[in-house]
Amino acid sequence: MKKNMKIAQSFAHVKTDMAQLYTHFQEMHARVAELEENNLRLVSAMSVMGEVVMANQRRQLSSKKVVRKVSFKKRIVASKTGTKVHTESCAYAKNIKAFKKVDFASIAAAKKVGFKACKCLK
Ligand SMILES: [Zn+2]
């Protein structure tokens, strides 16, 4: 009889332990679900941030292009003995000897003194 009581008691202990474990599991499950939700939120926030960063980079790139277009002015050169004005990077311009090279502020300025615009300026 005493032995049975002990067995019953230990079963009862096991039962409460199981119940505690079960609630513990449920809590953990809830916590995991919560973490998963947080994770999802973080991932979507990160992708949104990624898109924002990409958009910013794209904007910066395009604004850089605009700045370059605005600030970059082609150097216009001609040979004192030649008839045409060129950009500095033109193959013809590269052949002009330094002592023969003249700079112009604009194509119009060069045309005013009788030069014609090379293909590279069109
Ligand atoms: Zn040229």
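**Contacts, core and sheet of the predicted model**

Beyond its neighbours within four places in sequence, Val77 contacts Val85, His86, Glu88, Ala93, Ile96, Lys101, Val102 and Asp103. The model is predicted. Its mean pLDDT is 86, and 91% of the residues score at least 70. Helix α1, residues 2-71, has the lowest mean pLDDT, at 82. Strand β4, residues 116-117, has the highest, at 96.

Three helices and four strands make up the secondary structure of the protein. Their order along the sequence is α-β-β-α-β-α-β. The radius of gyration is 41 Å, whereas the globule rule gives 14 Å for 122 residues; the protein is therefore more spread out than a compact globule. The C-alpha trace spans about 125 × 25 × 20 Å along the principal axes. Of the 122 residues, 7% count as buried.

The protein is divided into two domains. Domain 1 covers residues 1-71, and domain 2 covers residues 76-121. Their centres, taken over C-alpha atoms, are 68 Å apart. Helix α1, at residues 2-71, falls within the bounds of domain 1. Strand β1, at residues 76-79, falls within those of domain 2.

The four strands form an open sheet. Their order in the sheet is β3-β1-β2-β4, with mixed pairing. Strands β3 (101-104) and β4 stand at the edges; each has a single partner strand, so one side of each lacks a neighbour in the sheet. Strands β1 and β2 run antiparallel and are joined by three bridges. Strand β2 spans residues 84-87. Within this pair, Ala78 stands opposite Val85 of β2. Strands of a sheet pair through backbone hydrogen bonds, in parallel or antiparallel fashion.

The largest nonpolar core contains eight residues. These are Ile76, Val77, Ala78, Val85, Ala93, Ala110, Phe115 and Cys118. Strand β1 supplies the largest share, three residues. Nonpolar side chains tend to be buried together in soluble globular proteins.

Among contacts with a separation of 6 or more, 53% involve residues 24 or more positions apart.

Technical notes: Residues are numbered from 1 along each chain as its sequence is written. This is a predicted model: local features need pLDDT of at least 70, side-chain atom pairs count only at pLDDT 80 or more; totals for chains, interfaces and linings use all residues. pLDDT is the predictor's confidence in each residue, from 0 to 100. Helices (H or I, at least four residues) and strands (E, at least two) are DSSP runs, numbered from the N terminus. The radius of gyration is taken over C-alpha atoms; the globule rule is 2.2 Å times the number of residues to the power 0.38. A residue is buried if 20 or more other C-beta atoms lie within 10 Å of its own, exposed if 12 or fewer, and partly exposed in between; C-beta atoms are placed from the backbone. Two residues are in contact if their C-beta atoms, placed from the backbone, lie within 7 Å. A nonpolar core is a set of buried Ala, Val, Leu, Ile, Met, Phe, Trp, Tyr and Cys residues joined through C-beta atoms within 7 Å. Domain bounds come from an automatic or database domain assignment. Two strands pair if DSSP finds at least two bridges between them.
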